[in-house]
Amino acid sequence: MVIGGGSAGLSAALMLGRACRSVLLIDGAEPRNARAEHIYGFPSRDGTSRSTFLESTRAELVRYDVTVVNGTVVTTAGTSAGFLTNLASGEQTYARRVLAASGITDTLPDVPGLDQHWGRSVVHCPYCHGWELRGRRVGVLATVPGSIHQALLFSQWTDQLTLLLHTQNQPTVEQAEQLAARGIRTVRGEVVEIVTMNDRVSGARLVTGEQLSFDAIAVAPLAKPRAGLLAPLGLTPQPHPSGMGDHIPADETGRTAVEGVWVAGNLTNPNLNVLGAANAGAIAAGTINLDLIAEDTSTAIRATRNEV
């Protein structure tokens, strides 16, 4: 059972379907990038609309008899012997293994104007949006210690960059030297509003009343995992080492502390883009298939011994 129909879940379902496994993909239709119009950095799909990407990938699953169900998983319970999942519709499903790729929700600072333009002219990742903002006026809203790193990253795409310190402390001497070396302007003062025009960001207003002009705002959101469905299994979100919010801990293959349960994508790593999440889903799927082969082999050996 694969829970979540984003790039991680779709990739895992495709891999397991091609491995001749019986696969059920449950999609709650709540992707992290729901407000983004296109996906970027994905070979052969760069610039493709999000809806086209999802539809075409779902169509590929039909070839391998993967069953896709639109629904929301409420709880999952069981042991390595099997897992029972309850959907919001009241339906129940059973699976030998579970891969959760239900993703995260990006929690934004409480500044008027940010949420309305999230995914368009309010962005977070230069690898996802930097090319479209090259040479433009970008304000980096500092809300976490990593915001200085974010500003340094964006300086690769534009030299019209301003770090809005907002609620963060002054940069250290070393950080100030780095910012100055990259030509990044630093502005003190809390941002009280993101100013817009024609349904796009046009600037930011400080608590002093001063208004600065921008074409986009970059901000580092905090990850809130959609992990309530895993709570009955004892899997609860923990702080991510990057400081970007919470995640469900797992090893490099997505294997969790609960035998028979894997996680993939942003649920375990909020830093992943669409391509990275798809890769994580494929890795988890391959490991799940190996785990099932080992179990099937042990079962076959026991059956052979009993016959003898």
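This is a predicted model: local features need pLDDT of at least 70, side-chain atom pairs count only at pLDDT 80 or more; totals for chains, interfaces and linings use all residues.
User: Hello! Is the crossing in which α1 passes α6 left-handed or right-handed?

Analyst: Residues are numbered from 1 along each chain as its sequence is written, and side-chain values use heavy atoms, without hydrogens and water. A crossing is left-handed if the near helix is turned anticlockwise from the far one by less than a right angle, and right-handed if clockwise. For α1 passing α6, the crossing is right-handed.

User: How far apart are the axes of α1 and α6?

Analyst: Helices (H or I, at least four residues) and strands (E, at least two) are DSSP runs, numbered from the N terminus. Here α1 covers residues 7-18 and α6 covers residues 274-307, and they pack at an angle of about 35°. Axes are lines fitted to C-alpha atoms, for helices over the stretch in contact, and angles run from 0 to 180 degrees between N-to-C directions. The axes of α1 and α6 are separated by 7 Å.

User: How many charged residues are in the contact of α1 with α6?

Analyst: Contact means heavy atoms within 4.5 Å. On the α1 side we find Ser7, Ala8, Ser11, Ala12, Met15 and Leu16, while their partners in α6 include Val274, Ala277, Gly281 and Ile288. The classes are nonpolar (Ala, Val, Leu, Ile, Met, Phe, Trp, Tyr, Cys and Pro), charged (Asp, Glu, Lys and Arg) and polar (the others, Gly among them). The contact of α1 with α6 has ten nonpolar and five polar residues, and the number of charged ones is: no charged residues.

User: α1 also packs with α2; how is α1 oriented to α2?

Analyst: α1 packs with α2 (residues 50-62) at an angle of about 20°, with the two axes 10 Å apart. Because of that angle, α1 is, relative to α2, roughly parallel. The cut-offs are under 35 degrees for roughly parallel, over 145 for roughly antiparallel, 65 to 115 for roughly perpendicular and oblique for the rest. The label for α1 and α2 is therefore roughly parallel.

User: How many charged residues does the contact of α1 with α2 have?

Analyst: α1 brings Ser7, Leu10, Ala13 and Leu14 against α2 residues Phe53, Leu54, Thr57, Arg58, Glu60 and Leu61. Sorted by class, this contact holds six nonpolar and two polar residues, and the charged ones number two.

User: Is Thr52 buried, partly exposed or exposed?

Analyst: Thr52 sits in helix α2. Buried means under 20% relative accessible area, exposed over 50%, and partly exposed in between (1.4 Å probe, protein chains only). Thr52 has a relative accessible area of 40%, so Thr52 is partly exposed.

User: How far apart in space are Thr52 and Gly82?

Analyst: Along the sequence, Thr52 and Gly82 are 30 residues apart. From C-alpha to C-alpha, the distance in space is 35 Å.

User: Which residue in the hairpin of β5 and β6 takes a positive phi?

Analyst: Strands count as paired if DSSP finds at least two bridges between them. β5 (residues 82-87) and β6 (residues 92-95) pair in the antiparallel sense, with Thr93 as the bridge partner of Thr85. Their hairpin has four residues between the strands, and the positive phi, near 100°, belongs to Gly90.

User: Which strands are at the edges of the five-stranded open sheet?

Analyst: This sheet runs in the order β9-β16-β10-β11-β12, with parallel pairing. Strands that pair on one side only are its edge strands, β9 and β12.

User: At what angle does α4 run to β11?

Analyst: β11 (residues 161-164) pairs with β10 (residues 138-141) over four bridges in the parallel sense, and Gly139 stands opposite Thr162. α4 lies across β9, β10, β11 and β16, and to β11 its angle is about 175°.

User: Which strands stand at the edges of the three-stranded open sheet?

Analyst: This sheet has antiparallel pairing and the order β13-β14-β15. Two strands have a single partner strand each, so one side of each is left without a neighbour in the sheet: these are β13 and β15.

User: Is His247 buried or exposed?

Analyst: His247 is in strand β19 (residues 246-247). Leaving out residues up to four places away in sequence, it touches several others, including Pro225, Thr236, His240 and Leu267. Because its relative accessibility is 9%, His247 counts as buried.
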